[in-house]
Amino acid sequence: MNFMATKPPSPPTALPISRPARDDGGSVVLERRTQKTKPPQMYQVVMLNDDYTPMEFVIVVLQEFFSKDREQATQIMLKIHLDGKGVCGVYSRDIAATKVEQVLDAAAKAGHPLQCVSEPVE
Ligand code: TYC
């Protein structure tokens, strides 16, 4: 089962390559172009509220898997509790997917219905 909410992969972008061209005198000239690389797409791990997972469990998960201190974890947990969802952190695609897996695994093992997803950051 795949829990990641991801966009379909976009086709590779063509790199700007210098194309040989002829000048008026018949000699070959290469245009210099600046190569531009885009920063990688980042993914936010979003945790969802439910009525059953204990607040304390969510706080511990946020500390354990998202490196939050107790105060930060409590604030994030309360935001999720009140708003229905909240961002736990922003990571590269694979790291975000691993965090989602870790949370779902810990929740399932403890018998809690806690859910979280990863989604591309706009
Ligand atoms: N709403 C839960 C409760 O009242 C606490 C909770 C917070 C659950 C955040 C999930 O992602 C969550 N026990």
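Is Ser 67 buried or exposed? The views below come from a predicted model, and the last but one comes back to that residue.

**View 1. The whole fold, before zooming in.** This protein is built from three helices and five strands. Walk along the sequence and you get β-β-β-α-α-β-α-β. Of its 122 residues, 26% count as buried.

View 2. Around the ligand you'll find Met 47, Leu 48, Asn 49, Asp 50, Thr 53, Met 55, Val 58, Met 77, Ile 80, His 81 and Leu 114. Sorted by class, that shell comes to seven nonpolar residues, three polar ones and one charged one.

**View 3. Who supplies the shell.** Three elements each put at least two residues into the shell around the ligand: β3 (43-48), α1 (55-66) and α2 (70-83). The top contributor is α2, which gives three residues.

View 4. Start with Leu 48: one of its backbone N or O atoms is 2.7 Å from a ligand oxygen atom. Asn 49 works through its side chain instead, where an N or O atom lies 2.7 Å from a nitrogen atom of the ligand. His 81 also brings a polar side-chain atom, placed 2.9 Å from a ligand nitrogen atom. As for cover, the ligand on its own would expose 350 Å², and the protein buries 89% of that.

**View 5. Ser 67 and its backbone angle.** Back to the opening question: Ser 67 is exposed, because its relative accessible area of 64% is over the 50% cut-off. You'll spot Ser 67 in the loop that links α1 and α2. Check the backbone here: phi is positive, about 50°, even though Ser 67 isn't a glycine. For context, most residues other than glycine have a negative phi.

**View 6. Met 42, with Ala 96 across the way.** Met 42 belongs to the loop between β2 (28-30) and β3. With a relative accessible area of 32%, Met 42 is partly exposed, since that value falls between the 20% and 50% cut-offs. How far apart are the C-alpha atoms of Met 42 and Ala 96? The separation is 8.6 Å, for two residues that sit 54 residues apart along the chain.

How values were computed:
Residues are numbered from 1 along each chain as its sequence is written. This is a predicted model: local features need pLDDT of at least 70, side-chain atom pairs count only at pLDDT 80 or more; totals for chains, interfaces and linings use all residues. Side-chain values use heavy atoms; hydrogens and water are left out. A residue is near a molecule or strand if one of its heavy atoms lies within 4 Å of it. A polar contact is a pair of N or O atoms within 3.5 Å; within protein, one must be able to donate a hydrogen and the other to accept it, and residues adjacent in sequence count only if both atoms are side-chain atoms. Accessible areas come from the Shrake-Rupley method with a 1.4 Å probe; for residues, only the protein chains shown count as cover. Helices (H or I, at least four residues) and strands (E, at least two) are DSSP runs, numbered from the N terminus. Ala, Val, Leu, Ile, Met, Phe, Trp, Tyr, Cys and Pro count as nonpolar, Asp, Glu, Lys and Arg as charged, and the others, Gly among them, as polar. Buried means under 20% relative accessible area, exposed over 50%, partly exposed in between (1.4 Å probe, protein chains only).
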